[in-house]
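Please load the model and follow along.

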Amino acid sequence: MRDRQILITGGTGGLGRSVTTAVLNRGGFPTVTYRNEREVEAVLKGVAAEHRSRLRLVAVDVTDEAAVAAVIDEMPRLDAAIHLVGGFAMGPTAEFSFADWQREIMLNLNTAFLVCKHSLRKMLPQNEGRIVTIGSRGAEQPSGQLAAYCAAKAGVVALTKAIADETRGTGVTANVVLPSVIDTPANRAAMGDAAATGWVSPESLAEVICFLASTAARDIRGAAVPVYGNT
Ligand SMILES: NC(=O)c1ccc[n+]([C@@H]2O[C@H](COP(=O)([O-])OP(=O)(O)OC[C@H]3O[C@@H](n4cnc5c(N)ncnc54)[C@H](OP(=O)(O)O)[C@@H]3O)[C@@H](O)[C@H]2O)c1
């Protein structure tokens, strides 16, 4: 991870903060996309002063293809792309609006396509790169009230595995992690502290993601890694 140029989309979010910190602690150079200035402040509070100069924060809407292409083109090289942006919505399918369905596909699947596509444009000529996407346990074990989210995350798994197949024979790899429930402040606020038993900590998940994004994971391709904690 040392000296590697790492794109982290959603790197200021509940999970993203821990991934950004973990990349910095390992000596990497993260380019972190964000939307919300308040999240930037929260991230900066957690970054040690000696690491600050290696952190680049860029305001990017990752549903915008030109913006995604530009942020990747601006990077000197791209050793790993960690795509964490996603969105969550639930409700019975019979009452789920088409607009919400499209939003789930856009935030989870379409953004993954855009980030992977433009990462590959940069990584293939380098003959080196790691793509790490984020699915969900629900991609493999879909549950009621979550059809759109589960379908979108299953799409992310398929996209990642297809890229892993397409890049066989190159120095580029693609893998996806499948968390169950992450112990984020948002989940605690929604479900309460008592429900948090067995949830995966963001720090623990960040370890798995950093490994897949590192040179050490050069021989892992197309894995969908369950990270379910004790649930
Ligand atoms: N939390 C869980 O229990 C859980 C479980 C399984 C999988 N996951 C997946 O893990 C990932 C991270 O989850 P999380 O809990 O950390 O979510 P989060 O806190 O909502 O973080 C997502 C980040 O992505 C950003 N984002 C959203 N839309 C964007 C866009 N169009 N362009 C650029 N950035 C955008 C958000 O910014 P804003 O704050 O401005 O919206 C936020 O910083 C997601 O893909 C999620 O589906 C989460």
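## Ground rules

A residue is called buried when its relative accessible area is under 20%, exposed when over 50%, and partly exposed in between, using a 1.4 Å probe and protein chains only. This is a predicted model, in which local features need pLDDT of at least 70 and side-chain atom pairs count only at pLDDT 80 or more, while totals for chains, interfaces and linings use all residues. Residues are numbered from 1 along each chain as its sequence is written, and side-chain values use heavy atoms, with hydrogens and water left out.

## A buried serine in a loop

S180 sits in the loop that links strand 6 (172-179) to helix 7 (185-191). Helices (H or I, at least four residues) and strands (E, at least two) are DSSP runs, numbered from the N terminus. With a relative accessible area of 17%, S180 counts as buried.

The side chain of S180 forms a polar contact with the side chain of T231, at 3.2 Å. Such a contact is a pair of N or O atoms within 3.5 Å; within protein, one must be able to donate a hydrogen and the other to accept it, and residues adjacent in sequence count only if both atoms are side-chain atoms. Leaving aside residues up to four places away in sequence, S180 touches R137, V200, V227, Y228, G229 and T231, where contact means heavy atoms within 4.5 Å.

Helix 1 (residues 16-25) is largely enclosed by the rest of the structure, because seven of its 10 residues are buried. These are G16, S18, V19, T20, A22, V23 and L24. Their cover includes strand 1 (5-9), strand 2 (29-34), helix 2 (37-45), strand 4 (80-83) and helix 8 (202-212). Just after helix 1, G27 adopts a positive phi of about 90 degrees.

Within helix 3, V68, A69, V71 and I72 are buried. They span an arc of only 165 degrees around the axis, so they lie on the same side of helix 3; the arc is that of the directions from the helix axis to the C-beta atoms.

Among the elements covering these buried residues is helix 4 (98-126). In the contact between the two helices, E65, V68, A69, I72 and D73 of helix 3 meet L114, V115, K117, H118, S119, R121 and K122 of helix 4.
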